[in-house]
Amino acid sequence: MEDRIWVTRPAMPPLDEYIEEIRDIWDSRRLTNMGPKHEAFRGALCSYLGVAHTELLTNGHMALEMTMQAMKLAGEVITTPFTFASTTHAIVRSGLTPVFCDIDPENYTIDTAQLESLITERTSAIVPVHVYGNVCDVEAIDKIARKYGLKVIYDAAHAFGVTYQGKGIGSFGDASCFSFHATKVFHSVEGGAVCFREEALGKELHLLKNFGIFRPEHVDGIGANAKMNEFCAAMGLCNLRHIEDVIEQRGRVDALYHSYLEGIPGIKLPARQPGVKPNYAYFPIVLDETVCGASRDAVDAALREAGIFARKYFYPPTNALDCFHGAYDVNQTPVARKLSQSVLTLPLYAELEPPQVERICRIVLQCVTQSKKRSVT
């Protein structure tokens, strides 16, 4: 159905631009193994993100997983359960034990007031998540990490193009990991990147993503295959030229949502953070059924019936995933648990038209109005 509205829609460069970008790939047959497009994309990213070092990988999950392995972490890693499964899976698959810290009820990032109490002699790192483009309390995290000698790896999958106090978000922590999946604000069809401080980490990441091979005929370590190919790098180069326009268009959609839904009792909208230049990655609404009368699931069902596909990002929290049944106590992170049961991310992408936004909001408001009428009668 053409009138269906999905939660996101990838931004694409003009077809002719992409064809021109891949023309020399066709001529050279250089398809992978850190070719010219890969190197050009890596350099362009460093410039745009304002970082000294970047390593490209096949996806954002491998960026997280291989960064932990490259740092040779052991023991426990403090993180948040309010994130995509990838964050927790990367920790577990790296042989580490996740320790879950609850989240700030205002911006949904890791609650730094609780962070220090979770540190033990087995703690080796903190993996905070910039959620929906909201920025973690980077100053508090840095202070705690320095005090205890811990590494900080940011999951920045939602935060491409975000700046804080004029600095690119990838410049914080020991490393920041980005996803370039097609659902993100910026994409290379599929891909990921790690921005990092210490140049030595780049060599370890290179070894891990390339079978442990750093020199011809010498396999210096045990690695995997997580290299970005030239076609994805070419898409990244094209999309990077248009990223500021894409963010601006997404900002217009965000403003429309606010104009329709601002001030409705029982519906909490995204708040802006001081000093943050946002990327409008998502538009989460939090529904308080006791006030607005409509549950998150009821609103989601009404939208789906109309061919509009919102998402329950993130439900359930990762410490309640089926694959971890019984391993963690979701009640130890009550804010994350409650939020996961009441948050709904509405469709948001650059090409979402004003009449479509109006249609989405009309359905949300009808749910609230009808619920209130039922409660009165």
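A residue is called buried if its relative accessible area is under 20%, exposed if over 50%, and partly exposed in between (1.4 Å probe, protein chains only). At 59% relative accessibility, Val 219 therefore counts as exposed. The model is a predicted one, in which local features need pLDDT of at least 70 and side-chain atom pairs count only at pLDDT 80 or more, while totals for chains, interfaces and linings use all residues. Residues are numbered from 1 along each chain as its sequence is written, and side-chain values use heavy atoms, with hydrogens and water left out.

Val 219 lies in strand E11 (residues 218-219), where strands (E, at least two residues) and helices (H or I, at least four) are DSSP runs numbered from the N terminus. Together with Phe 211 and Ile 213, Val 219 makes a nonpolar surface patch of about 260 Å². Such patches are made of residues with over 30% relative accessible area and no salt bridge, like charges being joined within 9 Å and nonpolar side chains (Val, Leu, Ile, Met, Phe, Trp, Tyr) within 5 Å; a salt bridge is a side-chain nitrogen of Lys or Arg within 4 Å of a carboxyl oxygen of Asp or Glu. The accessible areas come from the Shrake-Rupley method with a 1.4 Å probe, and for residues only the protein chains shown count as cover.

Aromatic contacts were examined next. Rings of Phe, Tyr and Trp (its six-membered ring) pair if their centres lie within 6.5 Å, and planes under 30 degrees apart count as stacked, over 60 as edge-to-face and the rest as tilted. The structure holds 21 aromatic pairs. Phe 160 lies in the loop between strand E5 (151-155) and strand E6 (163-164), and Phe 180 in the loop between strand E8 (175-179) and strand E9 (192-196), so the pair ties together parts that are 20 residues apart in sequence. Phe 160 counts as buried at 2% relative accessibility, and Phe 180 counts as buried at 0%. The rings of Phe 180 and Phe 186 are also edge-to-face, because their centres are 5.1 Å apart and their planes are at 90°. Ring pairs link Phe 41, Tyr 48, Phe 160, Phe 178, Phe 180 and Phe 186 into a cluster.

Strand E1 (residues 53-57) is largely enclosed by the rest of the structure, because four of its five residues are buried.
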